[in-house]
2 protein chains.
Amino acid sequence: MEKLHIGHGTGGRLTSEIISEILRPFQKTSSSPYLEDCAIVDGNIAVTIDGYTVSPRTFPGGDIGKLAICGSVNDLAMRGAKPKFIAMGLIAEEGLDKNELLSYMESAANTCAELSIQLVTGDTKVLPKGQVDGLYITTCAIGTPPLDREPLGMVRLVPGDVLIVTTEIGQHEATIAAARYGLTVPSLKSDCAPLWPLVEQIIEMKGIKCMRDCTRGGLGTVLCEWAESTSLGIDIYEEKIPISSEVSSICDILGFDPLYLACEGCAVIAVAPEDAEKVLSKLKAHELGKKAQIIGQITEEHKGYVGMNTKAGGKRLVDMPVGEMLPRIC
Amino acid sequence: MEKLHIGHGTGGRLTSEIISEILRPFQKTSSSPYLEDCAIVDGNIAVTIDGYTVSPRTFPGGDIGKLAICGSVNDLAMRGAKPKFIAMGLIAEEGLDKNELLSYMESAANTCAELSIQLVTGDTKVLPKGQVDGLYITTCAIGTPPLDREPLGMVRLVPGDVLIVTTEIGQHEATIAAARYGLTVPSLKSDCAPLWPLVEQIIEMKGIKCMRDCTRGGLGTVLCEWAESTSLGIDIYEEKIPISSEVSSICDILGFDPLYLACEGCAVIAVAPEDAEKVLSKLKAHELGKKAQIIGQITEEHKGYVGMNTKAGGKRLVDMPVGEMLPRIC
C-alpha cells in the first residue's frame, strides 16, 4: 500500500509521477491529455487553479492573501493571458482570528485592484480545530490569451532560443525557509508579485516562445521539464544566474541549491535569438525585471538534459529534485 | 479578538455575515458587488468554485471525488449553465493511501465522463501529517449559460411563482450524519448527483425564474435567502415536502430539522404558475426528478419571511439557522 509522501507535493519528480496517475482516469474520457499549469479552453479562455498553504501565513514581502492572487495570475501571465477574474475557495480552521483572515482578504483585494481583476465567486469552509493549519486558499484565475500571436508553449522551443531569467532566483523560498528556521536576514524578502504588468511590456514581441514562473521546484525544475518534454538540450551558465547575497547565505547555511528554490515573482523566458536583447532591455526597464539576465540557451547537445557550466569551469548535470524539499512554501 | 466559529462555515446566518466581511475589501475596487454561488462573467462564461472536505470521504451514494464534481457542476446548472470544464486543486495529507486518492479520481473522472466535461487544469499539494484530515478538494467549474433566454435569478421572483422541489430533501446530510454517529440505516444514501441532465430537460421553458440546489443549510436556508433578498414572502406546506422515511428517522433520532439538512442532488425551482404543472411533469419523467413536488409559492404576505403551514394545521416561521450544524458534510 503506497502512501503519499511530502515529495509528491514539492514540484519535482514525484509530483510529476503522482500527477500522471491522477490524470489517468480522466484521460480515458477526455480529449485533453495534458494537465497544464494554465489551460486555454474554448479557444479564448485561459484558466488555472492553485492551492496556497504557505506557512508562515505572513512573511517579508507578502502574505497568503497576496500570494493566492499572484500565484494564479502568474500562471495565466505565463501563457500570455491577461488576468480578469478570480474565484476563491477558503478552507479555514475554527478559532482562526477573524481579523487575521480579513487582513489576508485586504491583501488579496489590493493585488486584484492593482491588476483590475474582479473577484467573481467564492466559497468558505470552516473546519474543526486541528484539521487545517489556520487557512488554505485555492484560487482559480480566468483571463484572455492574446488572439493576435502564436500561442506560447514548449512546442515552440528550438535550438538556439535564448533563456532569460527576469529577476534574482529563490527569493520566495529562501524567505520562507529563513522564517521557518528562525534565521534573521534583514534585507531578505519574497519576490511575491504579479507578473502580468511585466509580461504586458513584452508580450507583443513575436520572438517570445515560452514562459514559465519558477515556483515549486525553482528554475532548475522548469528547465528540466522543458528539456525532458521537448527532448532538446539546455545549457545554462552559473555565473549568469542572478542570485542575491541574502539567498546565497541562506543556501550556504541550510544546504539548499538555489536552482531548486521556489520564486513567486520570477519567470524564465525563451526567446528567439534575434529578439533576445530587445526583450532583455524591455524587461530591465520595468521594476520587476531590472535584474533580468540571459542565462543560457536551448541546444542540440545532450538532448533531454540540462547542463550547467559552473563558475569553477566544469559542467554539471541539472536533474529534477526527487523530493524532500521544504513543504508549504506556497 | 473574534475568532472563526464552525457556524461560519455551515451555510446559515454566520456564513452570510463572514462572507460580507470577506467581500468588503474587494468591493472597494471591484464592480462586482455580489459573491454568487455561480457568476456569469464576460457575458457568456459561467464560473463557480467550491471546496470539498466531507468526512467520511466515502459514503453510501458517493465519495469526495464524485461530490467535488457534482457540487460545482450543480452550481452552474442552477444558473442554467451547461458545464464544460473542471479545474481541480487537491490538498492531501502525507501518508494518505495513494490508491484511495486514485479511487476518488476515478469517481470524479466517471462523473466528468457522464457529463462530457473535461478536466483542464489542476494542482496537487501534499501537507505534513496532521495539517489536513486526509484530503480536501477544491473544484472550479466553467460552462456556458443559455443565450436565448432571460438569465435565472432571484431578481425575477414575483408573488404567485410556484416552488417545486426536485426530490426528497436531506438525503446527503442524513447519510453523512448516520455515518458520523455510527447509525446503520440500510436503504439511506446520499442524493449526490449531477443535476445538469435534469435541468437540461426543462431549461428551455421560459416560466422558470430561479433555481438553487439545497446544499449547506438545506431547503430552509435557500428559501430564507430568497425571501430576505427579494423582500417577498414565501409560503410552504409541510405535508407537500418530499422526505424519505429514512431521513425522517435520522432526524427523529438526532434531533435535526430536515428543512436544514444539506442535499447534493436536489434543487428548488421557482416557476411562473402557468408553467408549473408542465415543469413538474417534465421533472417527474426523469430519474432524478421522479419524486418532485410543488411545495408552496411566493406570496405578498409576511414579506421577507418564510412561513410553513404545518401538518398539525398551524403556521411556523422558518428562520435561517445560526450555526451549530454538522461540519464537513460537503
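At roughly what angle do the axes of helix H1 of chain A and helix H3 of chain B cross? The axes of H1(A) (residues 13-27) and H3(B) (residues 98-114) cross at roughly 35° and come within 7 Å. This is a predicted model, in which local features need pLDDT of at least 70 and side-chain atom pairs count only at pLDDT 80 or more, while totals for chains, interfaces and linings use all residues. Residues are numbered from 1 along each chain as its sequence is written, chains are lettered from A and ligands numbered from 1 in the order in which they are written, and side-chain values use heavy atoms, with hydrogens and water left out.

**Chain A overall**

- Chain A has 8 helices and 14 strands, where helices (H or I, at least four residues) and strands (E, at least two) are DSSP runs numbered from the N terminus.
- The radius of gyration of chain A, taken over C-alpha atoms, is 19 Å, close to the 20 Å of the globule rule for 330 residues, so chain A is as compact as a globular protein of that length. The globule rule is 2.2 Å times the number of residues to the power 0.38.
- The C-alpha trace of chain A spans about 55 × 50 × 50 Å along its principal axes.
- Of the 330 residues in chain A, 63% are buried; buried means under 20% relative accessible area, exposed over 50%, and partly exposed in between (1.4 Å probe, protein chains only).
- Contact means heavy atoms within 4.5 Å. Among contacts in chain A between residues at least 6 apart in sequence, 84% join residues at least 24 apart.

**H1(A) against H3(B)**

- Axes are lines fitted to C-alpha atoms, for helices over the stretch in contact, and angles run from 0 to 180 degrees between N-to-C directions.
- The crossing of H1(A) and H3(B) is right-handed, meaning that the near helix is turned clockwise from the far one by less than a right angle.
- From H1(A), Ile18(A), Glu21(A), Ile22(A), Pro25(A) and Phe26(A) take part, and their partners in H3(B) include Leu101(B), Met105(B), Ala108(B) and Cys112(B).

**Ala108(A)**

- Ala108(A) lies in helix H3 (residues 98-114) of chain A and is buried, at 0% relative accessible area.
- Beyond its neighbours within four places in sequence, Ala108(A) contacts Gly65(A), Lys66(A), Ile69(A), Met88(A) and, from chain B, Phe26(B).

**His172(A) and helix H4(A)**

- His172(A) is in helix H4 (residues 171-180) of chain A and is buried, with 0% relative accessibility.
- The side chains of His172(A) and Ser190(A) form a polar contact of 2.8 Å. A polar contact is a pair of N or O atoms within 3.5 Å; within protein, one must be able to donate a hydrogen and the other to accept it, and residues adjacent in sequence count only if both atoms are side-chain atoms.
- His172(A) and Cys192(A) are 20 residues apart in sequence and 6.7 Å apart in space, C-alpha to C-alpha.
- In H4(A), 8 of the 10 residues are buried, and the buried residues pack against strand E3 (58-59), helix H2 (64-77) and helix H7 (245-254) of chain A.

**Arg57(B)**

- Arg57(B) sits in the loop between strand E2 (45-52) and strand E3 (58-59) of chain B and is buried, at 19% relative accessible area.
- A polar atom of the Arg57(B) side chain lies 3.4 Å from the backbone oxygen of Asp133(B).
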